[in-house]
Amino acid sequence: MHQANATLAPYRKPLSGWDAASWIRSKPIRSASCEGLAFPPELVPLSRHPRFVDDRASMERLLAYRLLTHLQFTTMLELEHVNAVCSRLARDCYALELSREQKNDALRIYCDEGAHALFVELLSVTIENRHGVERAALPQPRFHAVLERIFERHGGEVAPELLHLFFVSVSETLVSKILREIPRHPAVAPLVREVIGDHAQDEGTHSVYFHWLFPRAWSRLDRPKQELVGRILPRFLDAFLAPDLGCDARVLEALSFDEPTREEMLEETYQPGPVRGAVRSAAQPTLRMFEAAGVFETAAAADAFAEYDLYLENAQ
Ligand SMILES: [Fe+2]
Ligand SMILES: [Fe+2]
């Protein structure tokens with residue numbers, strides 16, 4: 001063990017208000033109007049491309065596809081990743097010596113994520129019907145394939161289940177701009193705002209849980225495993241936060257742009273400098289958690305984060 005237990009924060013019982021506050025226990029299935037935009041244009045770089053600026057109908061379908069993409073990403077994350085890890089936490093498979101309350105809180109998160117998958121499904125159908133878009137046009141989210149490659153490549157050195165725990169600690173501590181900004185965006189349809197608002201509230205408690213969990217899991221790795229996991233952490237951040245260009249290309253295809261036009265539009269929209277800056281800015285809460293846990297004291301990890309241009313902005 002590389003970190004004294006004394007430096008680990010006490011458990012703040014983030015799920016103690018679960019009965020009264022979580023969506024599955026205390027809120028209805030939303031049925032507000034879906035009149036309005038499906039997604040904030042400010043969060044969709046492609047919407048600023050000249051081909052969309054004067055074409056309101058295509059722009060609205062682009063935004064609907066962006067929401068569907070987010071919803072499909074969410075379903076994959078909740079069911080395949082977060083809940084696989086919560087199931088193991090509930091049984092203390094990682095030997096983290098969790099108390100009964102801490103294990104049961106993992107089960108509460110499991111219930112939340114199952115509920116999120118349900119309300120994402122219901123919203124997806126509504127959006128498909130209203131905007132004439134279909135999720136069948138979208139590929140599997142990029143992050144899923146990236147993770148599978150990482151697990152395959154490093155599974156012999158660190159158990160894939162353990163790598164999975166660290167990935168979920170990353171995803172659950174990044175409360176995304178989407179979750180923060182959609183609920184208060186005046187042009188977005190009330191139904192979308194309410195559903196994403198319910199999701200954001202639940203994710204706030206999950207973030208506290210995984211902020212507490214991460215340093216415990218990290219401190220139990222021996223030095224060689226810290227080096228290996230430390231090298232992989234920036235790849236997890238990147239897989240979660242970087243734009244999914246393969247998906248954008250398929251959306252443009254569904255909107256009837258031919259291949260050369262699609263490539264040109266993506267090239268004009270995503271410049272490497274601003275993309276790296278946006279990933280770094282979104283990664284800040286999780287980078288702060290890594291710093292507090294001592295991740296950057298491992299030289300191999302510090303080098304890997306530098307390679308991905310990921311650093312704490314206020315530390316520069
Ligand atoms: Fe969720
Ligand atoms: Fe969550």
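**Questions about the cores and helices**

User: Leaving aside its neighbours within four places in sequence, which residues is F236 in contact with?
Analyst: Happy to start there, with the reminder that this is a predicted model. Neighbours of F236 within four places in sequence are set aside here. The contacts that then remain for F236 are F166, F167 and V170.

User: Which residues touch the most other members of the largest nonpolar core, and which element gives the most to it?
Analyst: That core has 41 residues, and those touching the most other members are V170, L233, F236, L237 and F240. Two or more residues come from each of α4, α5 (100–131), α6, α7 (160–173), α9 (190–219), α10 (223–241), α13 (272–293) and α14 (299–307). With 8 residues, the element that gives the most is α10.

User: How many residues are in the second, separate core?
Analyst: Good one to ask next! Among the members of this second core are F39, L68, A115 and V251. Counting every member, its size is 33 residues.

User: Which residues of helix α11 are buried, and why do they line one face of the helix?
Analyst: Helix α11 covers residues 245–254, and its buried residues are C247, D248, V251 and L252. Looking down the axis of α11, these buried residues line one face because they fall within an arc of 140 degrees.

User: Which helices do the buried residues of α11 pack against?
Analyst: V251 is one of the buried residues of α11. The packing partners of those buried residues are α4 (56–90), α6 (142–154) and α12 (259–269).

User: Why can the protein be called as compact as a globular protein of its length?
Analyst: The protein has 14 helices and 0 strands. For 316 residues the globule rule gives 20 Å, and the protein is as compact as a globular protein of that length because its radius of gyration is close to that, at 20 Å.

User: What share of the contacts with a separation of 6 or more comes from residues 24 or more positions apart?
Analyst: For context, buried residues make up 36% of the 316 residues. Among contacts with a separation of 6 or more, the share from residues 24 or more positions apart is 80%.

Technical notes: Residues are numbered from 1 along each chain as its sequence is written. Chains are lettered from A and ligands numbered from 1 in the order in which they are written. This is a predicted model: local features need pLDDT of at least 70, side-chain atom pairs count only at pLDDT 80 or more; totals for chains, interfaces and linings use all residues. A residue is buried if 20 or more other C-beta atoms lie within 10 Å of its own, exposed if 12 or fewer, and partly exposed in between; C-beta atoms are placed from the backbone. Helices (H or I, at least four residues) and strands (E, at least two) are DSSP runs, numbered from the N terminus. The arc is that of the directions from the helix axis to the C-beta atoms. Two residues are in contact if their C-beta atoms, placed from the backbone, lie within 7 Å. A nonpolar core is a set of buried Ala, Val, Leu, Ile, Met, Phe, Trp, Tyr and Cys residues joined through C-beta atoms within 7 Å. The radius of gyration is taken over C-alpha atoms; the globule rule is 2.2 Å times the number of residues to the power 0.38.
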